[in-house]
Amino acid sequence: MPNSERDVEFREQDLPLRDDVRFIGALVGEIIKEQGGDALFEIVEAARIDSIANREDASNRSPDDVLADLPTEMAALVARSFTTWFRGVNLVERVHRIRRLRDQLRDGDRPVSEGLEGAFATLAKSGLTLEVVQELVKKLQIEPVLTAHPTQATRRTILDKQQQVLRSMVERMNPTMTPPELEANEGMIRSALTSTWQTDPHPEVRPTVSDELEHALFFLTDILFRVVPPFFESLRCAAVSAYGASAEQDFRLPPVLRFGSWVGGDMDGNPNVGPETIDIALAEQRNRIVRLYKRSTERLAGDLSQCANQIDVSPQVLNRLRRYQQLLPEQAASIPARHADMPYRCLLVLMTARLDAIRDQEPGGYRTSAEFTSDLLAIRESLRANKGGNAGMFAVNRLLMQARTFGFHLATLDVRQDARVLREALAEGFDDADWPSRSADERVERLQSALESGEVPQDRGPKLQRCLEIFSTVNARIDEYGPRAIGAFIISMCEDADDILTVLLLARWGGCVDDAGFVPLDVAPLFETLDDLHRAPAVLRRLFALPVIQAHLEGRENQQMVMLGYSDSNKDAGILASRVALHSAQQQLGEACQENAIQLTVFHGRGGSISRGGGRLAQGVKAIPAIALNGRLRATEQGEAIDQKFGIRGLALRNLEQMTSATLLALAENLKAPVISTPNEWVEALEQAAAASRTKYRQLLEHPNFIDYFQQATPIDVIERLRIASRPARRRGPTDISALRAIPWVFAWAQSRHVLPGWYGVGTGLAAARQLLSPEQWRQAYEQWPFLTALADDVEMVLAKGDLNIASKYAELADESGQEIFAMIEDEHQRTVSELRLLTGSELLDHDPVLKRAIRLRNPYVDPLSLLQVELLKRWRATDRRDDELFEALTETLRGVAEGLQNTG
């Protein structure tokens with residue numbers, strides 16, 4: 001696929017990217033010829049050239065002419081060809097981000113934007129002392145939470161091949177590579193891409209929770225474990241750069257990073273998750289992290305060869321060595337006599353043996369990660385005191401940073417369940433079939449009484465028994481793996497205070513109580529729908545007034561986690577109404593917690609797409625009300641977003657720095673001005689916008705022909721049959737759109753190029769807001785209010801990725817009544833683009849030339865896939881959706897469009 005960047009402008013600093021795109025395009029072209037033959041290559045080239053020409057001038061030949069009558073097998077190969085090109089280009093774009101970051105670091109004229117060095121420099125210039133900044137950093141808690149994703153669970157082998165391509169492309173940056181080395185490098189890339197071509201990215205059977213766990217573990221162990229040390233080193237360097245050499249000794253590195261996971265604990269709508277998967281996930285996480293520590297201690301044992309007759313060693317190290325020799329006599333006896341005078345090496349060998357004992361569940365193993373950390377600290381302090389600062393302390397520090405971050409649990413496992421399931425379980429315990437339908441007031445009163453009196457269940461039906469097994473397992477695993485192994489118990493579709501009380505009672509019935517009599521869990525209500533978001537602050541205030549909750553929170557150091565869902569509120573009411581409701585809820589939740597002296601942690605349930613809360617990270621953090629941030633940033637990471645953010649170590653480090661620096665700066669702003677008042681007229685205008693936008697959005701969804709249009713003009717029927725997740729695409733209940741999960745909803749609209757959930761209703765909403773403000777006020781609100789800036793920029797991005805010309809082809813799949821729906825969509829699309837121009841004063845994405853270039857580069861290659869998908873949908877539906885070969889070809893187009901747009905759900 002040569003000349004892939006035709007007519008796409010590259011800035012001077014991006015010319016290496018152009019060269020990489022050419023290189024990867026040529027390789028993919030050769031692979032297409034080799035694997036599919038000349039005929040396939042000619043079809044792909046014709047479709048590509050026609051697509052480019054058609055975008056330049058709609059009167060030119062359309063790729064439809066090439067793709068219309070392809071046999072099914074050839075259609076699948078064409079789709080695979082474009083998918084392979086997108087995978088290659090996505091990888092080289094990531095590599096280019098690393099290249100640009102390195103260029104900026106080499107230049108050194110100014111700190112890298114949105115990085116730690118720039119954040120510390122800003123704090124120093126604002127007059128904050130190192131002591132004040134140290135206290136701010138202590139308050140930081142950055143926690144990405146990896147979740148399974150119903151539209152993306154790429155096989156581990158594909159991820160490994162991607163890593164091979166990434167490493168090889170990074171190697172090509174080295175200007176000293178010889179021609180033979182470049183040739184060998186190209187061979188490695190060609191091999192990885194070719195074997196990827198020959199590997200089905202998804203197995204024939206639906207993946208299990210264990211498969212999804214393997215996917216999450218790849219990023220935790222292969223990427224994030226390795227970038228934690230450089231992250232903390234960057235944090236220290238940033239402090240030294242801003243505050244001078246004194247910070248080298250005075251600045252302390254608190255454990256600001258931690259990682260979470262839902263894989264194995266997310267029971268919401270997934271019957272395959274339960275006590276067994278909690279056990280599997282935690283056991284495998286421990287096995288993996290202990291294995292990593294073991295490799296590190298073995299390397300350290302080889303490095304720390306200091307002899308006692310050459311250098312002093314602290315008594316603490318020698319005492320530990322003697323104690324471990326008594327604890328593990330066989331392992332101590334196996335140490336060669338020639339190493340007997342190397343105390344660090346001997347201690348590390350026995351530390352390795354203690355790690356082995358954990359894995360093998362034998363006596364002598366570490367009981368807690370704190371014991372392991374204590375050994376490392378003893379070695380570090382001995383090195384520091386005995387001229388070992390440049391003789392191994394660097395490696396010890398790195399392992400210490402990892403141990404403090406990952407413990408013996410690797411990632412904190414959250415547990416999540418639907419509130420309705422918990423109510424049904426409690427109904428069995430109370431022997432009250434009407435319990436789920438009783439009012440919230442009745443349930444609160446009954447639950448308080450049960451908790452205060454120590455009431456036990458009257459009956460143990462199957463639903464209650466299942467719940468009690470969950471809590472019993474959680475309690476046992478906290479005892480076994482430590483308190484950080486289990487995170488929050490999250491209540492999906494939480495409606496009122498009784499849902500939190502329900503968890504506390506079920507936990508007590510299940511034996512999940514610590515020695516002090518407290519339930520050792522953070523119980524986090526999840527507010528998802530628009531109505532739930534509006535109700536959330538009142539629910540929290542009601543909760544805090546209950547004596548049983550006050551007692552529980554005292555046992556949790558007066559901390560309350562609240563999770564906010566970005567997906568269902570968007571699906572309910574559209575992006576503008578959803579974002580305004582989320583912003584308002586965070587502000588009011590913060591106020592409710594502040595009134596009751598409770599420390600709030602907002603857990604952001606974001607997805608990868610803009611429609612589900614994704615977007616530019618630093619900008620998104622700025623948009624969070626200061627009262628709701630408090631230095632804590634906990635957010636879900638899903639699907640392709642995990643791969644894009646954490647799929648390569650350099651980018652993973654960059655994203656962790658961005659999360660930390662944005663949160664630190666926001667915390668500092670709150671310190672300087674705890675109450676930042678947004679002008680009332682701006683708030684009123686956005687509230688008006690939200691109301692008008694919601695009305696417009698609901699008019700579309702409630703149109704009598706809308707459901708038919710959605711089912712006919714998108715590939716939702718294909719998506720719902722995909723075998724790519726352990727969780728069903730729908731919640732239990734009705735078969736209409738209300739039961740469809742937000743991820744396949746967004747995925748279907750993205751595939752059909754409408755990307756409707758990310759913009760519909762925004763034009764109407766912005767027009768309504770504009771009536772309340774002068775043009776100067778409106779522009780000022782956009783430029784000065786981070787919330788509005790982030791919202792407008794995110795919608796711009798969605799509009800740029802969509803394409804109504806292509807969407808019109810999908811609209812033709814709907815019957816005649818669907819044309820009215822598409823006319824409504826076109827009308828609102830035009831209004832939204834127009835209103836955004838008025839608000840921002842520029843064309844779409846003029847402020848982001850990098851993204852604009854990326855979209856322009858991709859569009860001519862996504863178009864043929866979309867048109868092919870439309871053709872295959874016609875054929876497949878004509879067979880009453882029974883032709884498996886057509887279905888497999890359709891799934892190939894879905895993968896390609898997702899890779900091209902870099903977005904699923």
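Rings of Phe, Tyr and Trp (its six-membered ring) pair if their centres lie within 6.5 Å, and planes under 30 degrees apart count as stacked, over 60 as edge-to-face and the rest as tilted. This is a predicted model, in which local features need pLDDT of at least 70 and side-chain atom pairs count only at pLDDT 80 or more. Side-chain values use heavy atoms, with hydrogens and water left out, and residues are numbered from 1 along each chain.

Q: How many aromatic pairs does the count come to by this rule?
A: A pair of aromatic rings is described by the distance of the centres and the angle of the planes. Under the rule for ring centres, the number of aromatic pairs comes to 28.

Q: Is the pair of F471 and F489 stacked or edge-to-face?
A: F471 lies in helix α19 (residues 462-481) and F489 in strand β4 (residues 486-492), 18 residues apart. F471 is buried (under 20% relative accessible area, with a 1.4 Å probe and protein chains only; exposed is over 50%, partly exposed in between), at a relative accessible area of 1%, and F489 is buried at 2%. The ring centres are 5.0 Å apart and the planes stand at 20 degrees, so the pair is stacked.

Q: Which helix holds W745 and W749?
A: The ring centres of W745 and W749 are 5.8 Å apart with planes at 85 degrees, so this pair is edge-to-face. W745 counts as buried at 1% relative accessibility, and W749 does at 0%. Being four residues apart, W745 and W749 are separated by about one helical turn in helix α31 (residues 742-751).

Terms used
Helix = DSSP H or I, 4+ residues; strand = E, 2+ residues; numbered from the N terminus.
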